[in-house]
2 protein chains.
Amino acid sequence: MQQYFGIKKDENVLYLNSEDLNHIKNVMRMKENDKVIISFKGISYLVTLNSSLLSGTIDNIYKSERDTNQVIAYIPILPEEKMSFIIQKGTELGVTEFIPVEFERNKYKLDKTGKEKKLNRWNKIAKEASEQSHRVNKSEVKEIIKVKEITSLNGVNILCSLDNENVKEINEVLTIDNACDKITLVFGPEGGITQNEEKTIESLGFTKTRLVKNVLRSETVIIFLVSIINYLRK
Amino acid sequence: MQQYFGIKKDENVLYLNSEDLNHIKNVMRMKENDKVIISFKGISYLVTLNSSLLSGTIDNIYKSERDTNQVIAYIPILPEEKMSFIIQKGTELGVTEFIPVEFERNKYKLDKTGKEKKLNRWNKIAKEASEQSHRVNKSEVKEIIKVKEITSLNGVNILCSLDNENVKEINEVLTIDNACDKITLVFGPEGGITQNEEKTIESLGFTKTRLVKNVLRSETVIIFLVSIINYLRK
C-alpha cells in the first residue's frame with residue numbers, strides 16, 4: 001500500500017501536502033475512500049481518503065513501533081547518480097540521517113545555490129524512499145558541513161578505511177553485542193581522505209575500520225556497511 | 001591499478017583480447033612498459049605491457065589466493081537499470097554466478113534474440129565489475145532458466161521470502177558457523193513468486209527466509225543479503 005508522510009493531525013483526520021496530492025491524483029489515480037498509509041510523528045496510520053484527497057480519516061494504527069535506532073552517515077559529495085543511489089538504498093536499509101561533508105578530495109564542489117538545490121533534491125529522494133519502504137520516520141539529508149564539524153556519538157563510531165595497517169576489522173568493531181542504538185559512520189571520497197583529515201576524524205572519536213578485502217566503489221561500501229548493521233540489529 | 005582478464009598464457013607472457021586492447025589504448029591511454037594486473041585461471045599477475053599492448057610480461061604474482069567460495073544468485077528478470085545494478089554491485093560484493101530465472105510474475109519477457117543480447121551485455125558488466133574490484137575470478141551470468149531447473153547445492157540454500165509466517169529469520173539461517181563455501185540464493189520478481197513456484201523451490205531444497213522488517217526493492221534485497229554473506233565470511 002502507498003505510504004505518505006502527514007503534515008498535520010486534527011483528532012482523527014490527517015493532512016497531506018499538495019505535492020502528495022498531485023502524486024495521489026495523477027500518479028496513483030486514487031479516489032475518495034481509497035486507503036493509504038499516512039505516517040505522522042513516528043506512528044503510521046491506515047487512512048481512508050476524503051473527497052479532497054488532501055486529507056483522510058484514520059481507520060486504525062498500522063505500525064506504532066517507534067524506531068529509535070539512529071544510523072548517521074557522513075558521506076562525500078559524489079556525482080548525482082551515486083548520491084541518489086546512496087540516499088535511496090541507504091534509507092531503505094535504515095540510515096536515519098545523511099550528512100554530506102566537504103572533503104578535500106571531493107571531485108564535486110557546489111556553490112551556495114548548488115547546495116540548496118541539491119539538498120532539496122536529496123531530501124525528496126529520502127522522503128520517497130522512506131515512504132516506499134514503509135518507514136515510520138523519514139530519513140533526512142542535513143546541510144553540507146566541514147570535516148571538523150563531524151561529531152561522534154555515545155555509541156559505535158566508525159571511520160571506513162582503505163588501509164591495511166593500524167585498522168580494526170569490521171567484525172571486531174560491529175558485533176551482535178555492540179549493535180547499539182547509535183551508530184555513526186564516516187565514508188571518505190573516491191580518492192580517499194587525506195592524512196590530516198584522518199587525524200582530525202580519529203581525534204573526534206572514530207575508529208579506523210577496514211571493511212572487505214575486495215576493492216569496492218564508494219557507493220557500494222556504504223550500502224555494504226548499512227546492510228550489516230541492519231542484519232546485526234534484527 | 002587497472003585489472004584485466006587474460007585469454008592465454010605462454011610461459012611468462014600473458015595475452016589480452018582486442019576489446020581490452022581498445023580499453024588500454026583509448027580509455028586508459030597506456031603505453032609500452034606500463035603496469036597492469038592480468039588475472040588468468042585464478043591467479044592475478046603484475047604485468048609489464050609489451051609494445052603491441054596486446055600482451056605483457058609477468059613481473060610477479062599479485063594475488064594468488066584462490067577464492068573457492070561460491071555465491072550463486074538466482075535472480076528475476078528486471079528492467080535493465082536494475083539488472084546492471086545487481087550484477088555490478090553483486091559482483092563487487094562476491095557473487096560468483098548469476099542465473100536469471102523465468103518467473104511467472106516477471107514483468108519483462110525476452111525472446112531468443114533478446115536473451116542473447118542481454119546475456120552478452122550482462123556478462124560485460126560482470127567482467128568490468130570483476131576487474132574493477134580486483135577479483136581473481138570473473139563472475140558470470142548464465143543462460144536464463146525455468147523455475148524447475150533451479151538447483152540447490154550441498155551448502156546453505158535460501159529462498160528469500162516476503163512472508164511473515166512459516167519462514168526462518170535470516171540470522172537463524174546464516175550464522176558465522178554456517179557461512180559455508182557454497183551459498184545459493186533465490187530472489188523472486190517484484191510481484192513475488194507464485195504459490196506453485198514456492199512449492200517447487202522449497203521441494204528443491206531451499207529454506208524460506210525472511211530478510212528485514214522494512215519493505216525493500218528487489219534489487220536492494222539482493223545487495224543486502226550478499227553484503228551479509230561477505231561480512232560473515234571475513
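Select T48(A). T48(A) is buried, at 12% relative accessible area (buried means under 20%, exposed over 50%, partly exposed in between, with a 1.4 Å probe and protein chains only). The residue sits in strand β5 of chain A, residues 43-49. Strands are DSSP runs of E of at least two residues, helices are runs of H or I of at least four, and both are numbered from the N terminus.

This is a predicted model, in which local features need pLDDT of at least 70 and side-chain atom pairs count only at pLDDT 80 or more, while totals for chains, interfaces and linings use all residues. Residues are numbered from 1 along each chain as its sequence is written, chains are lettered from A and ligands numbered from 1 in the order in which they are written, and side-chain values use heavy atoms, with hydrogens and water left out.

Stay on T48(A) and show its surroundings. Its side chain makes a polar contact of 2.8 Å with the side chain of K35(A). A polar contact is a pair of N or O atoms within 3.5 Å; within protein, one must be able to donate a hydrogen and the other to accept it, and residues adjacent in sequence count only if both atoms are side-chain atoms. Leaving out residues up to four places away in sequence, T48(A) touches N33(A), D34(A), K35(A), G56(A), T57(A) and D59(A) (contact means heavy atoms within 4.5 Å).

Zoom out to chain A. Look for 6 helices and 14 strands. Its C-alpha atoms fill a box of roughly 65 × 45 × 30 Å along the principal axes. Of its 234 residues, 53% count as buried.

Next, select E131(A) and K127(A). They form a salt bridge, with the closest N and O atoms 3.1 Å apart (a side-chain nitrogen of Lys or Arg within 4 Å of a carboxyl oxygen of Asp or Glu). Both residues are in helix α3 of chain A, residues 112-132, and are separated by about one helical turn because they are 4 residues apart. E131(A) and K127(A) are both buried.

Now show both chains. How many residues does each chain bring to the contact? Chain A brings 32 residues and chain B brings 32 residues. The two chains bury about 3,000 Å² between them, 54% of it on carbon and sulfur atoms. Buried area is the accessible area (1.4 Å probe) that two parts lose on being put together, summed over both.

On the chain B side, α2 (80-92), α4 (170-173) and α6 (218-232) each supply at least two residues. Helix α6(B) gives the most, with 9 residues.

Move to R217(A) and E92(B). Their side chains meet in a salt bridge, 3.1 Å from N to O. The pair joins two chains, because R217(A) lies in the loop between β14 (207-210) and α6 (218-232) of chain A and E92(B) in helix α2 of chain B. E92(B) is buried, with a relative accessible area of 0%.

Go on to K142(B) and E97(B). This salt bridge spans 3.7 Å, N to O. K142(B) is in the loop between β9 (140-141) and β10 (145-146) of chain B, and E97(B) is in strand β8 (residues 97-102), 45 residues apart. K142(B) is partly exposed at 31%, and E97(B) is buried at 16%.

Finish at N33(B). Is this residue buried or exposed? N33(B) is exposed, with a relative accessible area of 52%. Find N33(B) in the loop between α1 (18-27) and β4 (35-40) of chain B. Beyond neighbours within four places in sequence, N33(B) is in contact with T48(B) and L49(B).
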